[in-house]
Amino acid sequence: MLTLLFYFFLYLAQIEGLPGQDNRPKYARPASSMAPKYFELLEQNSHIIYPALGLLALGLVIIGIIQAWRSQDMDGLTKNEFKRAIVNELRSNLSGLPGDVLARAIGLERLKTMKLLEQMQQEGMISSYMSSNRMMVWRVRGTGNERKDARY
């Protein structure tokens, strides 16, 4: 009985197409000039190379964001020079100027100019009011008819 079972398993082993059998001829890739070695190096070490490339790309993005963030701020000396230019422009136009006109006059970007104007208003150097055409107009503090703060 055991021999019959043995012959049955030998017969099953000869049947083609059963799982686990690989009777195909072994394929060896031919050597050619079109198959460089560094592709094999990348394929064999992909578990190291691709995460390293991902971390490198992430690092470059973070460095770019930090550099862009730092370039938004001005140092103190240039800030003071632009503040002086703003005050001089506003002194020449006592009725006040809109932020866009000031930005063009001093040669600074509009958003940076608005940031400086708001900072100067907080410091008490200039004041602002809304004009009739819904435009914020800035002027030097103390010029024109400003409301005085009510004292109790």
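Here is a walk through this predicted model, from the overall chain to its helices and its sheet.

Residue numbers start from 1 along each chain as its sequence is written, and side-chain values use heavy atoms, leaving out hydrogens and water. Since this is a predicted model, local features need pLDDT of at least 70 and side-chain atom pairs count only at pLDDT 80 or more, while totals for chains, interfaces and linings use all residues.

Let's begin with the whole chain. The protein chain has six helices and three strands; these are DSSP runs numbered from the N terminus, with helices (H or I) of at least four residues and strands (E) of at least two. Along the sequence they come in the pattern α-α-α-α-β-α-α-β-β. Of the 152 residues, 17% count as buried, where buried means under 20% relative accessible area, exposed means over 50%, and partly exposed is in between (1.4 Å probe, protein chains only). The accessible surface comes to about 13000 Å², and 60% of that belongs to carbon and sulfur atoms; areas come from the Shrake-Rupley method with a 1.4 Å probe, and for residues only the protein chains shown count as cover. As for contacts (heavy atoms within 4.5 Å), residues 24 or more positions apart account for 42% of those with a separation of 6 or more.

Now pick out helix H4, residues 76–92. Lys83, Ile86, Val87 and Leu90 are the buried residues of H4. They cover an arc of only 95° around the axis, which puts them on the same side of H4; the arc is that of the directions from the helix axis to the C-beta atoms. The general rule is that an α-helix has 3.6 residues a turn, so residues three or four places apart point the same way. Turn to the other side of H4 and you find Leu77, Arg84 and Ser92 exposed. The cover over the buried residues of H4 includes strand E1 (97–98), helix H5 (99–106), helix H6 (110–123), strand E2 (126–130) and strand E3 (136–140).

H5 is worth a stop too. Its buried residues are Gly99, Leu102, Ala103 and Ile106. Seen down the axis of H5, they fall within an arc of 100°, so they line one face of the helix. They pack against H4, E1, H6 and E3. After H5 comes Gly107, with a positive phi near 80°.

Five bridges join E2 to E3, with Tyr129 opposite Val137 and Met130 partnered by Met136. E2 and E3 form a hairpin with five residues between them. In that loop sits Arg134, whose phi is positive, near 55°, although Arg134 is not a glycine. Most residues other than glycine have a negative phi. Arg134 is also exposed, with a relative accessible area of 76%.

Key. Pairing = 2+ DSSP bridges.
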